[in-house]
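Dear colleague,

Please find below the structure for your review.

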Amino acid sequence: MDVNYAPGALDRESTFYVAGHRGLVGSGIWRNLTNAGFTNLVGRTSLELDLKDREATFRFFAETKPRYVVLAAAKVGGILANSTFPVDFLSDNLQIQLNVLDAAREHNVERLLFLGSSCIYPKLAEQPIREESLLTGHLEPTNDAYAIAKIAGILQIQAIRRQYGLPWISAMPTNLYGPGDNFSPEGSHVLPALIRRYDEAVHQGAPVVTNWGTGSPRREFLHVDDMAAACLHLMENYDGPDQVNVGTGTDVTIKELAGLVAEAVGYTGEMLWDTTKPDGTPQKLLDVSKLGDAGWHASIGLEQGIRNTVEWYRENVNDIRK
Ligand SMILES: NC(=O)C1=CN([C@@H]2O[C@H](COP(=O)(O)OP(=O)(O)OC[C@H]3O[C@@H](n4cnc5c(N)ncnc54)[C@H](OP(=O)(O)O)[C@@H]3O)[C@@H](O)[C@H]2O)C=CC1
Ligand SMILES: C[C@H]1O[C@H](OP(=O)(O)OP(=O)(O)OC[C@H]2O[C@@H](n3cnc4c(=O)[nH]c(N)nc43)[C@H](O)[C@@H]2O)[C@@H](O)[C@@H](O)C1=O
């Protein structure tokens, strides 16, 4: 096996750039690194540094000289946003990745983690999805543009490893959620969308809530704090060219998920389904045995994670991304 499991601990005082540090994943990584004792974290908002701007990105790396990088900056959205704006999801993500990875290479970043997504795998991949399924079949059309950009990122990491010998790695998270998520009704992923919809239904006393699709697709959900912990664990304990799946190893139907959210917010009305909205891929459950072999397992259960996110949503409802 082409895996070295002991790249070693990262130096807590070295400059660590978290690209996308205000997003769901980036803010979780920032919290986790702070808790783990890192004292020299660097972040830039997209207004301060547009990573689509190649010159500005190279200037930033020349000035900041980060030793470590996590690339969690990306154009991200749920099924509807992905299928409505495929050009943005392809073009923005290719530009961001290319600029960051090229600049990081020119400045010899010592360790870098690239984040992809479980949507890189074929729509009808055998479940649970193993890393080896990559490029073995057709993609799910609702997010193929985004998936192609992410696949290009994996290939770029592998190419950099081959050509320059840098020990950079890629992780493929399953569907994520938690504090700091995007709660926009049209643009978000399912879990934040359901939390907002059901919470509003409670406040409005609505007798019926309508969700998208048929409710039958199966998805796996990982809390962002687990995701952040997995990222640091992989950077310190995994070195190999193949992407590593990051998930919990269990999934639920969207209907079951809606039931859990309704229960967490205290909604007791009826649930309907708008089948004019897309279902997307029928099932996305990752095989996480490679991650387990590298010594990491998720610890936040779905019900506990939903309660934690509902609490955060209610405390921050006036300041969230809507
Ligand atoms: N959320 C999920 O369910 C999943 C996410 N992932 C992956 O995790 C990573 C992070 O996703 P997530 O945190 O959910 O996404 P968010 O939308 O929450 O955050 C994305 C971040 O990227 C930054 N960003 C976007 N465009 C630019 C740009 N042009 N220049 C600089 N920064 C930019 C944003 O900065 P700012 O806020 O300053 O505008 C934002 O902080 C992505 O690679 C995504 O593919 C993978 C699987 C599932
Ligand atoms: C992480 C992953 O996220 C995206 O893929 P997805 O898993 O299909 O993501 P989703 O969370 O948006 O939907 C999951 C399921 O849930 C159903 N669903 C019900 N009601 C709502 C609802 O209100 N909003 C949304 N968004 N979905 C809903 C919806 O119909 C679908 O069946 C990728 O584009 C890609 O970006 C990617 O990598």
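**Ligand shells and helix 1**

Helix 1 contributes three residues to the shell around ligand 1, the most of any element. Helices (H or I, at least four residues) and strands (E, at least two) are DSSP runs, numbered from the N terminus. This is a predicted model: local features need pLDDT of at least 70, side-chain atom pairs count only at pLDDT 80 or more, and totals for chains, interfaces and linings use all residues. Residues are numbered from 1 along each chain as its sequence is written, while chains are lettered from A and ligands numbered from 1 in the order in which they are written.

Ligand 1 is surrounded by 25 residues, with G20, G23, V25, T45 and S46 the closest (a residue is near a molecule if its C-beta atom, placed from the backbone, lies within 6 Å of it). Helix 1 (24-35) and strand 6 (175-177) each give two or more residues to this shell.

Around ligand 2 there are 26 residues, of which G78, A193, W212, G213 and G280 come nearest. Helix 3 gives the most to that shell, with three residues.

Helix 1 has twelve residues and spans 17 Å from first C-alpha to last, close to the 16 Å expected (1.5 Å times one less than its number of residues). Nine of its twelve residues are buried, so helix 1 is largely enclosed by the rest of the structure; buried means that 20 or more other C-beta atoms, placed from the backbone, lie within 10 Å of the residue's own. After helix 1 comes G37, with a positive phi near 100 degrees.

Yours sincerely
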